[in-house]
Amino acid sequence: MAEDSDLERTEPASPKRLEQAREEGDVPRSRELSTCTILLAAGGSLWVAGDGLIRELSHALIAFLSMERALAYDSTMLLTLVSRTLEQILLAFAPIAGLLILVALGSPLLIGGWLFSAKALQPNFSRMNPMSGLVNMVSSRAAAELFKAIMKTILVGSIAWLVVSHQKEAIFGLALEPLKQGSAHLGSMLAVCFLSIVGGLILIAAIDAPYQMWHYSNKLMMTHQEVVQESKEANGNPQVKAKIRQQQREMARRRMMAEVPTADVIVTNPTHFAVALKYKEGGTGAPRVVAKGADAVAAKIRELGKENNIPLLEAPPLARALFKHTELGDEIPEALYAAVAEVLAYVFQLRGFRQHGGMRPVEPSDLPVPLELDPNNAPNNAPNNQLEAKV
């Protein structure tokens, strides 16, 4: 019994399985929904722009048939006239054609979304297996498609019969109307009939779209054993986990390095640590740490700072305290406000010197860094700490 339950597909598809299905070009699709939207757009556009379209086609036809008799014997002029007439016809149909193209491209967004998969274009010889074809002919999906086709035929036929029978007297009366009035009346009746029939397809589309979604999710359901195996492959493999952690660290490092050029000052140790600070003038918050690092990372921060003309200040106690007691994006501790204030004052004076000249400001020294915040002076300083030992 336990083995049988494991073979039953009772678990919903995992994100990985859904992604694999999309890569293979397998997404939920409803042809009825796409067909319905395109036909409704075509009927609606003809209903709204039909009069203008008829006028443009009439003008083009009149202009073509009203040509001089001599033009029929001049191949060059005749070709020019035909080209001009075709251009008028294409321009008349351009708005409707453009709308239909937009609807055809946008209808997949209603269910499944846009998808292009190279795997779906690769030849699959298993589809040529006659046994597989026979199995598909008697599958539940084939039965559903047959039922849908029968219902569509009945529904469309019933709507067409009701519309035609309702307008039977008007149809017979067309022969008694003037040509222009009768043509307009006939076009109106055809539009009503078309929109009524296509409108009936909305019911089929409203049933088919949820069914396709249910069939797709049911097809991709997994057994409990498949879920366990996928979890082991994704999370239990140490190499995969190490690769993920490495990528995460690399992404975080790139984001941090991108913030270095926006810093106001880089406080160094001078070689082992580097902490980049940024202060928003006029803001209510304290300066924030936008980048920090040790050894090779610190060297990279200093290099980026030099490339972007960011002031570098050697203040070992402050650099050690900031590196130890802050994280990326944090405001500096309140106990370091006074020390950082002196640093920022020096930075602002240095900016003024670079812009307007004058006397170069003196770098601050003996900054007021509390002893308890300096890892070198902390009472429980661990002697085997590699970073602190390097200092």
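Is I150 buried, partly exposed or exposed? I150 is partly exposed, at a relative accessible area of 43%. The notes below concern a predicted model, and they are arranged by type of contact.

1. Surface patch. I150 belongs to a nonpolar patch on the surface, together with L146, F147, M151 and I154. The accessible area of these residues together is about 500 Å². I150 itself is placed in helix 6, which covers residues 140-166. Its relative accessible area of 43% falls between the limits of 20% and 50%, and therefore I150 is classed as partly exposed.

2. Aromatic pair within a helix. The structure contains 2 aromatic pairs. One of them joins Y211 and W214 in a tilted arrangement, with 35 degrees between the planes and 6.0 Å from centre to centre. Both residues belong to helix 8 (residues 179-219), where they are 3 residues apart, about one turn of the helix. Y211 counts as partly exposed, its relative accessibility being 24%.

3. Aromatic pair between elements. F273 and F323 form a stacked aromatic pair, at 4.5 Å centre to centre and with 25 degrees between the planes. F273 is in strand 4 (residues 273-278) and F323 is in helix 12 (residues 316-325), so this pair ties together parts that are 50 residues apart in sequence. F273 is buried, with a relative accessible area of 4%. F323 is buried as well, with a relative accessible area of 17%. The ring of F323 has a further contact: K292 lies over its face, 4.9 Å from the ring centre.

4. Cysteines. How many disulfides does the structure hold? The number of disulfides is 0. With regard to individual cysteines, C36 is buried at a relative accessible area of 4%. C193 is also buried, and its relative accessible area is 18%; this value is under 20%, which is why C193 is assigned to the buried class.

5. Leucine in helix 4. L78 is located in helix 4, which spans residues 75-106, and is partly exposed with a relative accessible area of 26%. Between L78 and M67 the C-alpha to C-alpha distance is 9.1 Å, for a separation of 11 residues in sequence.

6. Salt bridge within a helix. A search of the whole structure returns 5 salt bridges. Among them is the contact of the R254 and E250 side chains, at 3.8 Å from N to O. Both residues lie in helix 10 (residues 238-259), 4 residues apart, about one turn of the helix. E250 is partly exposed, at 36% relative accessibility.

7. R288 and E331 form a salt bridge in which the closest N and O atoms are 3.4 Å apart. This pair links distant parts of the chain, 43 residues apart: R288 is in strand 5 (residues 288-294), whereas E331 is in the loop between helix 12 and helix 13 (337-356). Both partners are partly exposed, R288 with a relative accessible area of 40% and E331 with one of 33%.

8. Where do R320 and D374 lie? R320 is part of helix 12, and D374 is in the loop between helix 13 and helix 14 (386-390). The two residues, 54 residues apart, link distant parts of the chain. Their salt bridge brings the closest N and O atoms to 2.8 Å. R320 and D374 are both buried.

Methods:
Residues numbered from 1 in each chain as written. Predicted model: local features only at pLDDT ≥ 70, side-chain atom pairs only at ≥ 80, totals over all residues. Heavy atoms only, no water. Patch = residues over 30% accessible without salt bridge, like charges linked within 9 Å, V, L, I, M, F, W, Y side chains within 5 Å. Areas by Shrake-Rupley, 256 points an atom, 1.4 Å probe, with all protein chains shown as cover. Salt bridge = Lys/Arg side-chain N within 4 Å of Asp/Glu carboxyl O. Buried < 20%, exposed > 50% of the residue type's maximum accessible area, 1.4 Å probe, protein only. Phe/Tyr/Trp six-rings, centres within 6.5 Å; stacked < 30°, edge-to-face > 60°. Lys NZ or Arg CZ within 6 Å of the ring centre and 35° of its normal. Disulfide = S-S within 2.5 Å.
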